[in-house]
Amino acid sequence: MSPDKAYRIGIRIRRPVEGGPLAAMRRADADGPDRNPGYRDAKVTPTTHNGLPAALREFTWNGFTDGEGPRRTYDICWDEGGRLYNVWVSAPRTRLDELKRHFDTVLDSFRVRHA
């Protein structure tokens, strides 16, 4: 979380799921209303990450507290080296340009180290 708590970055590493990244993101989208208050404006898009099949989920939600206001999240996942990687960045809707830059920076700098 950024010092001002405006930006949140998350990384989740787990075993691959049946159906791959696209299925994982479709399940996350279906669970969105239960996990993110006010979940809306969501879409799941097949894509690639570092040449690997991936899925991108974008959505808006209300934040966890009333004072936060609406937030936008970019969430991508892909399979690599026998693991499913899920990386997301969230920011206030009023800072969408910065959100995209932060998301791109996180993805450009994230590296999987294979043993």
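Elsewhere, salt bridges with shared partners tie Asp4, Arg95 and Glu98 into one network. Keep in mind that what you're looking at is a predicted model.

**The overall picture**

How many helices and strands does the protein have? Its secondary structure comes to two helices and five strands, and along the sequence they follow the pattern β-α-β-β-β-β-α. The radius of gyration is 14 Å, close to the 13 Å that the globule rule gives for 115 residues, so the protein is as compact as a globular protein of that length. Along its principal axes, the C-alpha trace spans about 40 × 30 × 20 Å.

What share of the 115 residues is buried? Buried residues make up 42% of them. The protein exposes about 6900 Å², and carbon and sulfur atoms supply 49% of that area. As for contacts between residues at least 6 apart in sequence, 49% join residues at least 24 apart.

**Back to the charges**

The salt bridge count comes to six.

| Salt bridge | N to O distance |
|---|---|
| Asp75 and Arg57 | 3.0 Å |
| Arg93 and Asp41 | 3.6 Å |

Take Arg93 and Asp41, whose side chains meet in a salt bridge. This pair links distant parts of the chain: Arg93 is in the loop between strand 5 (83-92) and helix 2 (96-109), while Asp41 is in strand 2 (residues 40-49), 52 residues apart. Arg93 counts as partly exposed at 39% relative accessibility, and Asp41 is partly exposed with a relative accessible area of 47%.

Then there's the salt bridge between Asp75 and Arg57. It also links distant parts of the chain, with Asp75 in strand 4 (residues 71-80) and Arg57 in strand 3 (residues 52-61), 18 residues apart. Are these two partners buried or exposed? Asp75 is buried, with a relative accessible area of 4%, and Arg57 counts as buried at 7%.

Technical notes:
Residues numbered from 1 in each chain as written. Predicted model: local features only at pLDDT ≥ 70, side-chain atom pairs only at ≥ 80, totals over all residues. Heavy atoms only, no water. Helix = DSSP H or I, 4+ residues; strand = E, 2+ residues; numbered from the N terminus. Rg over C-alpha atoms; globule rule 2.2 N^0.38 Å. Buried < 20%, exposed > 50% of the residue type's maximum accessible area, 1.4 Å probe, protein only. Contact = heavy atoms within 4.5 Å. Areas by Shrake-Rupley, 256 points an atom, 1.4 Å probe, with all protein chains shown as cover. Salt bridge = Lys/Arg side-chain N within 4 Å of Asp/Glu carboxyl O.
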